[in-house]
Amino acid sequence: MKRIFLNSAFALVLLLPAGCGIYTKYQRPETAFADSLYLLQTKTDKADTTSLADLSWRELFSDSQLRGLITKGLNNNTDLRIARSKVREAEATLKASRMAFFPSVSFDADGSVKHHTAGSTSKSYSAAISAGWELDIFGRLHNAKKGAVAALEQSYAYEQAVQTQLIATIANSYYTLLMLDEQLRISRRTLDNWEKNIRALAALKRAGKTNETAVLQAKANRLDVERSALTLEKQIAEQQNALCSLLGIVPQTIKRATLAEQQFPKTLSVGLPLQLVNRRPDVRQAEYALAEAFYATNAARSAFYPKITLGGSAGWTFGSNTIADPGTWLLSALGSLAQPIFANGQNRARLKIAKEQQEQALVRFKQQLLDAGIEVNNALTLWQKSLQRLDVDKKRIVHLRAAVWNTTLLMKYGQTNYLEVLTAQQNLLQAELAEASDKYDEIQGIISLFHALGGGTK
C-alpha cells in the first residue's frame, strides 16, 4: 500500500508541471491584421510572393563607389561593432544556461593548527571533492535556457536591424551628396548664363535699348545664384563629414559618381504583408522579446514548485600524517527537496509582474508590425509620387527652356522687357533644381522601401 502511495505521488509530481503550463512552448500570437498592412500596391505584387527585400544590397546598388562605401561601413561602424559584441554576450549567456543542466563539481580543502596550554601542538587537515545536481523536474532551468535562446535571437535580430539601417543610411547619405552635386552644377551653369546675360544687357544699354537698372538687376541676380552655390558647397562638406562618421573614417573627400548615372528598376514588388514578420529584423526582435517574456512567466510559475537537488562528497581528514596515509575517510550523499510554503507573497507577485511584462511585450510586437506596414506604405507613396513628379518636371523644363529662349530674343529686338526674361530664367532654375530633388526622392523611396521590407540582411 505504501509503495502504491509513493508511486502515485511521484506520478503526480511528474504530471503537475504539464498541467500548469510550465513546459508549454511559445506560439506566435494572432496576426491576421497583417494581411491588411499595405494600402498601396504595385503593378506586379498582387499574386507575387517575391519582394524587393529578396535582393541583396549588392544587387540593388549598382554604383561601385557606393558598394565600396557600404562594405567599409559594415567593417568599421561603431554601432554595428557594438551590436556584434552584444551577440557574443548573448551566446555566452546561453552557454551558461545550458551548463546549468550538468552537475557542479568543486574541491574544498582546509587546515587548522591548535596550540595547547601544555605546550603541545596539534594539526589537522581535510580535503574533499563535492558534487551537486539539480533535477529540473519543474522546468526552472528549462525555461531559463529557452529564455536565453530567445534573448540570443533578439541579439541576432538587433545586429541585422543595425546593419540594414546602416546600409540604408549610407545609401541615403551618398545619394544626398549626388543630389547636392547636381544642384551645384545647375547653379554654376546658371552663373555662366547670367554672365552672358550681363554682357548682353551691357551691349543693349550701349545701344540705347535698355537702361542701367536692368544691368544692375542682372548683376544682383547673379550674386544671388552665387550665394546659393556657396550654401550648396557648405552642405556638401557637411554631408561628406557625416558620411565619414558613419563609415568610421577620418573626414575626407568621398569619391562618387553622378546622379544622372544612377539606374533603378521602374517596377517593384513588395511581396506579401505577412512576410514582414519573418523579414523585418526589428519585428523579429520584438517577437523574440515576447518569447523571452513568455518563458520568464513559465519560470515564475516554476518557483511555486519544489527544488530537488542531489549532492555528495568524498574526502579525508588527517593530522600529522601525509595525504597518502589519511587518518579518516569521509563519504556523504545528500538529496534535498525545498518546497516553498510562504515567501511573503513574493512568488505570487513575481508571477504577476512576469505576466504584465509578457502583455507589454505582446503590445510592442503588434505595434512594431503596424509601424512596419506604415513605413512600407510611406515608402511606396514616396517612390510612386516622385516618379509622377519627375514626368511633370521634364515637361515643365522643356517649356521653360523654350520660354527663356523666346523672351531673350524678344528682349534683343525690343519687344519685351527685362523683367520677363528674369522671370523665365528664375523659373527654369527652380524647375531644374526641383528635378534633381525629385530624382533623389525617387531613389530615397526605393531605399526606404528596401529597408522597410526587411532588405539589407544579405
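Trainee: Which residues does Asn 221 touch, leaving out those up to four places away in sequence?
Mentor: Asn 221 touches Trp 194, Tyr 418, Leu 422 and Gln 426. The model is predicted. Asn 221 itself is found in helix α6.

Trainee: Why is Asn 221 called buried?
Mentor: Its relative accessible area is 9%. Buried means under 20%. So Asn 221 is buried.

Trainee: What makes α5 and α6 roughly antiparallel?
Mentor: Their axes cross at roughly 165°. Angles over 145 degrees count as roughly antiparallel. Therefore α5 and α6 get that label. The axes come within 8 Å, and the crossing is left-handed.

Trainee: How do you know that the span of helix α10 is close to the expected one?
Mentor: Helix α10, residues 418-452, has 35 residues. At 1.5 Å a residue, 51 Å is expected. From first C-alpha to last, α10 reaches 50 Å. Just after α10, Gly 454 takes a positive phi of about 95°.

Trainee: Which residues have the most contacts inside the largest nonpolar core?
Mentor: That core has 62 residues. Those with the most contacts include Phe 61, Leu 66, Ile 170 and Tyr 175. Helix α5, residues 140-206, gives the largest share, 13 residues.

Trainee: What is Leu 66 in contact with, beyond four places in sequence?
Mentor: Phe 61, Ile 170, Ala 171, Tyr 174 and Tyr 175.

Methods. Residues numbered from 1 in each chain as written. Predicted model: local features only at pLDDT ≥ 70, side-chain atom pairs only at ≥ 80, totals over all residues. Heavy atoms only, no water. Core = buried A, V, L, I, M, F, W, Y, C linked by side-chain atoms within 4.5 Å. Buried < 20%, exposed > 50% of the residue type's maximum accessible area, 1.4 Å probe, protein only. Helix = DSSP H or I, 4+ residues; strand = E, 2+ residues; numbered from the N terminus. Contact = heavy atoms within 4.5 Å. Expected span 1.5 Å × (residues − 1). Axes fitted to C-alpha atoms, helices over the stretch in contact; angles between N-to-C directions. Parallel < 35°, antiparallel > 145°, perpendicular 65-115°, else oblique. Left-handed = near helix turned anticlockwise from the far one by under 90°.
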